[in-house]
Structures are given as C-alpha cells and as structure tokens.
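Please keep the sequence and the structure in view while reading.

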Amino acid sequence: MAGLGISLAQAQETAPADPGLALPVINTAPLPKYDYDRLDYGMTIGIERTPKGRIWACWVGGGDNHDAFFVLNSSDDDGKSWSKPRVVIDPHDPALDDKRRTIVGNLWTDPLGRLWLFFDQSLTHFDGRNGNWYTRCDNPDSENPVWSTPVRIWHGCSLNKPMILSDGTWLLNVSLWDEGKINPKYKEKYRELDSLRMANVFASTDQGKTWVRRGGVRYPQPQFDEHHIIERKDGTLWMTARTANGMWESVSTDKGKTWSEPRKYLEHIGSRHFMRRLQSGRILMVRHGAVTEKTKFRSKLTAYLSEDEGKTWVGGLMLDERRGISYPDGFQAPDGTIYISYDHNRDFDGEILMARFTEKDILDGKFGGRKSKPKILISKPLGLDKLPAPSDVTN
C-alpha cells in the first residue's frame, strides 16, 4: 500500500471529493502571467544538467507558505544567460476553501537522460498528508520539451535528488513532516500516517515505474528532514538530515530497510545542506560556515570535500558570504565542474543564484578554475523592483 503511486484514473476519480488529490497541471506556456515582472518571491528548489548541456533551474514563487508554486527556467550557454519562465506548477484554485500549494521538490536527470521534476501538493501549508508527485521530460534538450502527466508516488515530499545504489536500485528520499507542522484544521484527519512521519526511503528497481517504501528514520527535533543518502564504499548507507539541533546521521547495513539509532553528526544552523558523491570518489558537502560551526545566520555558504567517507572534511570554498543565503542544490558536469544553486533574501531580493567551481577550487579555497565563478544570477522577481531581467545579465 505504502509504495504504490496513484494512477491518472484514480486521481481523477478521487479529485472531486478530495481536492488534495486533484491532478496537477503542468503549465508550459506560463507567460505573461508568470513573467519576472509578475513575481515577487524566490526560494530555490533545485538545479540539474541534461545530456546535451542544458541547465534547468526550479524555484518557488508566492512565498514559503500556502501561496507557494513552482517556476522553472533554463540556460543553453552554461549559465551565461537564462530564459524567461518556461514551466509553472501552480495548483491554486480560488473555488477551494483552503489554498492548495506546491512548495517542495527537485530536479534530477536519470541515467537514461530523462529529466524528472519531483513536486508536492498540499492543502494549506501542510494538511498532514501532502502528496509527492513527479512529472518527467524525456526530451529536455529539445526546443519544445514535453512533460508527462503527473503521477503521485505517495504522501510527503522529496526535497533532494534520488541516488543510485551499486546494485542499480534507485533510492528516493521522502519526508512526511511531523505532527507539529500540521494545520490545526487537519490535526486529526490522517492519524493513520503518524507512525510514518519521518525521513523515509523509497526504492525503485524498475527505473522509476514503481516506488516502494523500504524504511525510514525518525530524528529528534525534526526540521523537515531534508535528508541525503550516500552509499559508502563498504556498502552501508549513510543518511544525514536537518534537525533543530544541527545535522544528524543514521546508517543502514541492509540497503535502507532498517537504520541505526540517529545521532548528532555536526553543528549546523537550521537550514538545508547538500551532499553528493563526486566522480573522483570524494563526497561533496555544501553547508553554512566552518565544518564545526553553527552560524548565527544563514550565511557563509561553503563547499568541502571528504576523502574518508565523511569522517573528516578538507578544503573550504566560500560560495557566498552574505546573510540570507540558503538551500544549496547541485550537480557535477561530465567535465568535473560542480554547479550549486541557492537563494538570496527570499522575501526582499528573491534572487536565485549559482556558483560554478572545481574540486581543486575547494581544496585551494578560491575560485581559480577556467570556468569557475561565484554569484551567477539565475532569476530575480521583478515584481519587487525594476532591475534588468536575468536574460539580459551575463556572467
């Protein structure tokens, strides 16, 4: 039961009685309604590269609340310039009693070159159930990308990218938020899900056709989980997660079915971090501040490398030192270049930015690579002011 997605027919059948399960609309002609001069907020979601080198970025408009919706744009010149919004997912419906929003998800290119967009849908900021959906684009580098009809995987949401185990299994991180985050109107509605409110792990052995829950971890003082999984060289799975008391960890020795008692891993401000295995075999971590620091603000976004499976960290490349910097996500291109997106002053500047750098830059502590550059503008909501549009800004 927990592992099966909801089909199109099922979603349409249940939608009239349950607006939380209504089939989301993928808007591929969002202009002019969602052009930059109509937007006034920006919270980054994710960034990804497709096989021919196009970069797609996704961010939240509306607010970090029940007004949220998704916006996507793209770049065909390695981030020098960016398109106007190309795709929008905005499930709001004025006919509903409650606002219906989309606020959590990510972009991921699978080994077949297909671009996945994971996104959630909930009534109010959190109705206690939520819904984790995906739409897939099988021609993401074409002039006219086509997005598939959305499929609901399960409840909850997936902020970070899937990862692939050495045996070929795909793992997806799915967080079902804790009871304290449920809107009071829905407090008693989904009690059957209380035992599953944790950092869940879903697996697919058929390249994403079906997803089945394998297990999960309930962290103390959870803060949206936002968990990452790394397969260590000894075959164990290492999960790190966001809590109100820093970054915590748990380990699985059976491919994600059971997990060790969680324990504190590193000090960290309450905010998203980013972890990913690189082509070199090193692990990349992007976080706020020094490795052992708990910054006072969401500032000092810094990249580190681990050569011993997360036991210690070396280097330290400051991506952006300012306050109001948060939510790193990224990828590594075939040539080894690393790309990290993040946001800056969501409510007042709403900028979505990107840093481009190398592993050597991290070890040297400076942007020294031929293509390396910080603070590249991806998008800016011009509803706040009238600055040049991102498509007019070059790096």
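Predicted model: local features only at pLDDT ≥ 70, side-chain atom pairs only at ≥ 80, totals over all residues.

**A buried asparagine**

Asn-106 belongs to strand β6, which covers residues 105-109. With a relative accessibility of 0%, Asn-106 is classed as buried, because buried means under 20%.

- A polar atom of the Asn-106 side chain lies 2.5 Å from the backbone oxygen of Leu-159.
- Leaving aside residues up to four places away in sequence, Asn-106 touches Ile-45, Gly-46, Trp-116, Leu-117, Phe-118, Ser-158, Leu-159, Asn-160, Lys-161, Arg-272 and Asp-329.

**Overall form**

- The protein contains two helices and 26 strands.
- Its radius of gyration is 20 Å, close to the 21 Å that the globule rule gives for 395 residues, so the protein is as compact as a globular protein of that length.
- The C-alpha trace spans about 60 × 50 × 40 Å along the principal axes of the protein.
- Of the 395 residues, 58% count as buried.
- Among contacts with a separation of 6 or more, 54% are between residues 24 or more positions apart.
- The protein exposes about 15600 Å², and carbon and sulfur atoms supply 51% of this area.

**Nonpolar cores**

- In soluble globular proteins, nonpolar side chains tend to be buried together.
- The largest nonpolar core here has 44 residues, and the members that touch the most other members are Val-60, Phe-70, Leu-72, Leu-117, Trp-147, Ile-153 and Trp-211.
- Strand β7 (residues 115-120) gives the largest share of this core, five residues.
- Leu-117 touches Cys-58, Phe-70, Leu-72, Ile-89, Asn-106, Leu-107, Trp-133, Tyr-134, Thr-135 and Trp-147, when residues up to four places away in sequence are not counted.

**Aromatic pairs and a cluster**

- The count of aromatic pairs comes to 17.
- In one of these pairs, the ring centres of Trp-170 and Trp-211 are 6.4 Å apart and the planes stand at 45°, so the pair is tilted.
- This pair links distant parts of the chain, 41 residues apart: Trp-170 is in strand β12 (residues 170-175), while Trp-211 is in the loop between β13 (199-204) and β14 (212-217).
- Trp-170 is buried, at a relative accessible area of 4%, and Trp-211 is buried too, at 2%.
- The rings of Phe-331 and Tyr-339 have centres 4.6 Å apart and planes at 10°, so they count as stacked.
- Both Phe-331 and Tyr-339 are buried.
- One aromatic cluster is formed by Trp-108, Trp-116, Phe-118, Tyr-134, Trp-170 and Trp-211.

**Backbone exceptions**

- Most residues other than glycine have a negative phi, and most peptide bonds are trans.
- The peptide bond from Leu-31 to Pro-32 is cis, with omega near 5°.
- Pro-32 is placed in the loop between α1 (8-14) and β1 (43-49).
- Gln-207 is not a glycine, yet its phi is positive, at about 60°.
- Gln-207 sits in the loop between β13 and β14, and its relative accessibility of 42% makes it partly exposed.
- Asn-345 likewise is not a glycine and has a positive phi, at about 50°.
- Asn-345 is located in the loop between β24 (338-344) and β25 (351-357), and at 25% relative accessibility it counts as partly exposed.

**A residue after the final numbered segment cited here**

- Leu-382 lies in the segment after β26 (373-379).
- The relative accessibility of Leu-382 is 10%, and this residue therefore counts as buried.
- Leu-382 and His-92 are 290 residues apart in sequence, and their C-alpha atoms are 22 Å apart in space.

Definitions and conventions. Residues numbered from 1 in each chain as written. Heavy atoms only, no water. Helix = DSSP H or I, 4+ residues; strand = E, 2+ residues; numbered from the N terminus. Buried < 20%, exposed > 50% of the residue type's maximum accessible area, 1.4 Å probe, protein only. Polar contact = N/O pair within 3.5 Å; in protein donor to acceptor, adjacent residues only side chain to side chain. Contact = heavy atoms within 4.5 Å. Core = buried A, V, L, I, M, F, W, Y, C linked by side-chain atoms within 4.5 Å. Rg over C-alpha atoms; globule rule 2.2 N^0.38 Å. Areas by Shrake-Rupley, 256 points an atom, 1.4 Å probe, with all protein chains shown as cover. Phe/Tyr/Trp six-rings, centres within 6.5 Å; stacked < 30°, edge-to-face > 60°.
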